[in-house]
Amino acid sequence: MISLTKKYELLTKLPLLQGLSGKELAHIESVIGMEVNEVPTMKRPLIRQNDPCTHLIFLTTGKMMRQYESDDGLYHTKNMINAPALLEPYNLYGLDCRFRYSYTPLQDVTIITIKKRDVMQHLMKAEIFRINFFNLLSAIIHKKDLLLRPNPNPSVCQKIAIFLQRQFADYEGEAEIAIKMTNLADYIGETRLNTSRALNQLEDTHIIELKRSLIVIPDTKKLLQL
């Protein structure tokens, strides 16, 4: 059982709750009774891709592996999520409220879950929370909008960088994508030979590292150089 002091310490680290006073946090906690759970290391996902997104979930301590498999099954991605972090708050509302990724605890983690109805009925009444929530959603939308803007006559390297950026639009850090060369060539509309040459160029500049059917990106921010 987590003490009240420890719970408030965890809450004040969360992006959406920063700026709220102790009094406001105490009131919110007493009204909705935030669920704080300590989850041990797991070999299977705690949350699976396409599970219904019915709660606002905060990762407050530890780290998780985030994985995605494309609908056609031709590639899958993997990256780490370190606390403090929110797990897909943008999928809590809309037409398709499902998790787009799977999440597996790589060590003991602490998560706080809040029901969707409690977010609407209580958290949204706090002005600071509303501002933080809308700023977070706006930042994600702006990043994805930049990736959708047309790029006239892009090089093959740029096409690959854009494809990779779209997989990790809301993430900065080390990541990897498992994909065959022929499938990547089809996705970007290039020949296998041109794709292979461009990948080698990107590896020479240390933007990516190539392994068998695997592209490792040491830092996704470096993709912006292209």
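Predicted model: local features only at pLDDT ≥ 70, side-chain atom pairs only at ≥ 80, totals over all residues.

Me: Let's start with Ser-70: which loop is it in?
Reply: Look at the strands on either side of Ser-70. Strand 3 covers 63-69 and strand 4 covers 75-82. Ser-70 sits in the loop between strand 3 and strand 4.

Me: Is Ser-70 buried or exposed?
Reply: Ser-70 has a relative accessible area of 6%. Buried means under 20%, so with its 6% Ser-70 counts as buried.

Me: Which side chain does the side chain of Ser-70 make a polar contact with?
Reply: Ser-70's side chain reaches the backbone nitrogen of Leu-74 at 3.2 Å, but that one is a backbone atom. For a side-chain partner, there's a polar contact at 2.6 Å, and it's with Asp-72.

Me: Now strand 7: how many of its seven residues are buried?
Reply: Strand 7 spans residues 109-115. It's largely enclosed by the rest of the structure, because the buried residues number six of the seven.

Me: How many bridges join strand 2 to strand 7?
Reply: Strand 7 pairs antiparallel with strand 1 (residues 35-39) over five bridges, and there Val-39 stands opposite Val-109. Strand 2 (residues 55-61) also runs antiparallel to strand 7, with Phe-58 opposite Ile-112. The bridges joining strand 2 to strand 7 number six.

Technical notes. Residues numbered from 1 in each chain as written. Heavy atoms only, no water. Helix = DSSP H or I, 4+ residues; strand = E, 2+ residues; numbered from the N terminus. Buried < 20%, exposed > 50% of the residue type's maximum accessible area, 1.4 Å probe, protein only. Polar contact = N/O pair within 3.5 Å; in protein donor to acceptor, adjacent residues only side chain to side chain. Pairing = 2+ DSSP bridges.
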